[in-house]
Amino acid sequence: MRFVRAAVALLLAFPGSCLLAAEAGKPAVVVIRAGILIDGVSAAPRTNQVIVVRGNRIESVGDAGKAMIPEGARVVDLSKAVVLPGLIDSHTHTFLQGEDPAEGGYDAQLLKHPSSFRAARATVAVHRALAQGFTTIRDLETEGAGYGDVGIKEAIEAGYIPGLRMFVVTRAISTSGGYPLEGYNPDVAVPRGVQIVDGPVEARKAAREQLEHGADWIKVYMTHRSWVDKQGNLVSQPTLTLDEIKAITDETHGWGKKVACHAYNGVGLHRALDGGCDSIEHGLELDDAAVAQMAKQGTWYCPTLSVYYHQWAPEGTPAGTLDRKRAAVHGPSFTKALKAGVKIVFGTDVGGFPWTDPIAQEFPRMVEFGMTPMQAIQSATSKPAEMLGMAGEIGAVAPGAYADIVAVGADPLKDVKALEHVGFVMKDGKVYRDEIK
Ligand SMILES: [Zn+2]
């Protein structure tokens, strides 16, 4: 942990390398001409719109024929493009890099790499996500890199490195026997990917520590190991007891913050819901009672579909059977939750796969399992904005919102895969990419 802080301090010590520090003086005015505007909130797109950006906020949005162009404004012509709000990924890991098992996989990250190395790669990751049109992420734990996410977020906000808006959870929480590193000589102390707690007192204390040190959300693992039993059912090991999760949600809600719960299915999933979790991560197998409870309680569902199609182990092996079973139950759970009106947000688990892969690969999976392209887009714009307590400020192209605006060359309402090719990116009023043909 101290290592990470030292690494970030190094970054902060070289302001001369900063090309993006805020400029003094009057806020710049930029006018964007949008051929088609999907504003993230409205049910239908609008054509030929003019968006006026003053400084880091959107001042106005209106029809091109009627809009007044402020004097001296820089004009960005996206009249042949489709303009959207900056996209939001609600489940990322900037401190993971889709580790190749042949290179030591996850364990090597914790055992071999200095925290500065991991912070350097996280710095690259947030830039890559921004270049792909993702202007906000909820980053769901550092996997043994302590409070490194707080440092990356602070470095972005101070203008030292390019990046996106971050909501961070810091270390995450699970129980003994509930998270890697695992499988080492019990006499050797190895690092853990989370903060381990046993009992409601330790659970509450961990939440307090993480909130004190900068967590915007708290992340809890409510299930850990999973396997396919003899009857062919997906089974997952529950981790925290109801008393333990209640101590965490009670503490976190007292701070005005929310709790994200990794839960696959079964007992752990139901404890998460009974314990007052605010979002269910993955939710591979949602039974009818879970879906009904989520709809009733307003629990968010962040399914992360596409990552479960990566790197399946060979068919017929226990791991291969598990990989196929997880994917087989996931899609129907998503469809059932969607039909029941559960609030769904776009999340990918990127970091679990490399940041060089398209993050937008999640959109076609959401459409495959029942969303319209517009619903899928709103799950990555206005819906997570609401979940994050930022409705109207992010995830929307509307007056008063932050100027987080992206554009693609083809219509994602016709083919949602168009979102894999974002060519224009503005975040907080600054243009980071301008390659629309
Ligand atoms: Zn994850």
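Predicted model: local features only at pLDDT ≥ 70, side-chain atom pairs only at ≥ 80, totals over all residues.
Local features were considered only at pLDDT of at least 70 and side-chain atom pairs only at pLDDT 80 or more, whereas totals for chains, interfaces and linings use all residues. Residues are numbered from 1 along each chain as its sequence is written, and side-chain values rest on heavy atoms, with hydrogens and water left out.

The chain contains 12 helices and 19 strands, defined as DSSP runs of at least four residues (H or I) and at least two residues (E), respectively, and numbered from the N terminus. Of the 437 residues, 54% are buried (under 20% relative accessible area, with a 1.4 Å probe and protein chains only).

The zinc ion is coordinated by NE2 of His91, NE2 of His93 and OD of Asp349, at 2.1 to 2.2 Å, where donors are N, O and S atoms within 2.8 Å of the metal (3.2 Å for Na, K and Ca), and the site may look incomplete because water is not among the atoms. Along the chain these donors follow the spacing H-x1-H-x255-D. His93 lies in the loop between strand E5 (87–92) and helix H2 (105–112), and Asp349 in the loop between strand E16 (343–344) and helix H10 (362–368), so the pair ties together parts that are 256 residues apart in sequence. Both His93 and Asp349 are buried.

Technical notes: Buried < 20%, exposed > 50% of the residue type's maximum accessible area, 1.4 Å probe, protein only.
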